[in-house]
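Keep the viewer open as you read.

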Amino acid sequence: MPQINLLRTLLRTTLAITTSLSVVAARDANLLPTVCVTGATGYLASELTAQLLSTGRYMVRGTVRSLANEEKLAPLRTLSGAAERLELMEADLFDAGSFEPCIAGVMFVFHTASPFITSNIVDPMTQLVEPAVKGTEAVLAAAALAGVTRVVLTSSIAAVKGAAPKADGSCFSEDDWNESSTLDGDGLDQYR
Ligand SMILES: NC(=O)c1ccc[n+]([C@@H]2O[C@H](COP(=O)([O-])OP(=O)(O)OC[C@H]3O[C@@H](n4cnc5c(N)ncnc54)[C@H](OP(=O)(O)O)[C@@H]3O)[C@@H](O)[C@H]2O)c1
């Protein structure tokens, strides 16, 4: 019997410590720096959000196009740490002002929101170029206004590599720039 009593005491103590640690964790979440991830529902951003949450070092503010699409948001809401440290806000690349409240007060911004489509492109300027360029300008302006110290922009190999390989076969680097892609090309070329 003494062993059972000892076990009960140990279980009660463990439960008490676990409960108080959760209370401390929830309270301290408010003291963590906030980082913003734009386009949080995206392929890259959802993994990025998961990794940021898993560090336990940041509050994460993810921007999404619509808070009404619960099916799309569910994978984010169920990430480990999301209940305590993930906040979702609406922002659209076509609505410059929508990023300001999302970026206000954050330390870093990861800008990943961008149209990533290579098919069914009818109007490449409206579907690809404008949201990518104007959206990035809006995010950078909001970051400057908020005094953000670092912005990470997910570019692409497409920024340096057009349809053709380099004539001399050398590696692409920051000295290269894609000058061959056109809006009249096929979907992949338009995306580039
Ligand atoms: N995937 C790769 O392997 C890879 C590699 C290198 C670079 N990149 C670059 O990284 C960026 C993201 O790529 P990804 O693969 O993560 O693309 P993705 O899965 O298609 O995600 C794009 C994100 O942008 C959002 N978005 C699109 N249009 C928007 C708009 N008008 N307003 C607000 N949000 C909008 C999407 O929101 P919705 O969910 O509402 O559509 C989604 O959250 C792109 O610039 C891509 O070129 C990707």
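In what sense do strand 1 and strand 4 pair, and over how many bridges? They pair in the parallel sense, over four bridges. Keep in mind that this is a predicted model. The protein has seven helices and five strands, and from the N terminus on its elements run α-β-α-β-α-α-β-α-β-α-β-α.

- The five strands form an open sheet in the order 3-2-1-4-5, with parallel pairing.
- At the edges sit strand 3 (86–90) and strand 5 (150–153), each of which pairs on one side only.
- Going from one strand to the next, the twist averages 20°.
- Strand 1 (residues 34–38) pairs with strand 2 (residues 59–64) in the parallel sense, over four bridges.
- Strand 4 and strand 5 do likewise: their pairing is parallel and runs over four bridges.

- Strand 1 is largely enclosed by the rest of the structure, because four of its five residues are buried.
- Val35 is a handy landmark here: it stands opposite Val60 in strand 2 and opposite Phe108 in strand 4.
- Cys36 has Arg61 as its bridge partner in strand 2.
- Over at strand 5, Val151 is the residue that Val109 stands opposite.

**Crossovers and helix packing**

- A right-handed β-α-β unit is made by strand 1, helix 2 and strand 2.
- There's another right-handed β-α-β crossover where the chain goes from strand 4 through helix 6 to strand 5.
- Helix 6 (residues 124–146) packs on the sheet and touches strand 1, strand 4 (108–111) and strand 5.
- The direction of helix 6 makes about 175° with that of strand 4.

**Around the ligand**

- The ligand is surrounded by 19 residues, and the closest are Gly39, Gly42, Tyr43, Leu44 and Ser114.
- Helix 2 (residues 43–55) gives the largest share of that shell, with three residues.
- By type, the shell divides into nine nonpolar, seven polar and three charged residues.

**Two loop residues to look at**

- Gly105 lies in the loop between helix 5 (99–103) and strand 4.
- Is Gly105 buried, exposed or partly exposed? It counts as partly exposed, because 14 other C-beta atoms lie within 10 Å.
- Leaving aside residues up to four places away in sequence, Gly105 touches Thr34 and Ala146.
- Gly105 and Ala146 are 41 residues apart along the chain, yet their C-alpha atoms are separated by 6.3 Å.
- Asn120 is in the loop between strand 4 and helix 6.
- Most residues other than glycine have a negative phi.
- Asn120 is not a glycine, although its phi is positive, at about 50°.
- Asn120 is also exposed, because it has 7 other C-beta atoms within 10 Å.

**The protein overall**

- Of the 192 residues, 23% count as buried.
- Among contacts with a separation of 6 or more, 66% come from residues 24 or more positions apart.

Technical notes:
Residues numbered from 1 in each chain as written. Predicted model: local features only at pLDDT ≥ 70, side-chain atom pairs only at ≥ 80, totals over all residues. Pairing = 2+ DSSP bridges. Axes fitted to C-alpha atoms, helices over the stretch in contact; angles between N-to-C directions. Contact = placed C-beta atoms within 7 Å. Near = placed C-beta within 6 Å. Nonpolar A, V, L, I, M, F, W, Y, C, P; charged D, E, K, R; others polar. Right-handed = clockwise from strand over helix to strand, strands pointing away. Buried ≥ 20, exposed ≤ 12 C-beta atoms within 10 Å, placed from the backbone.
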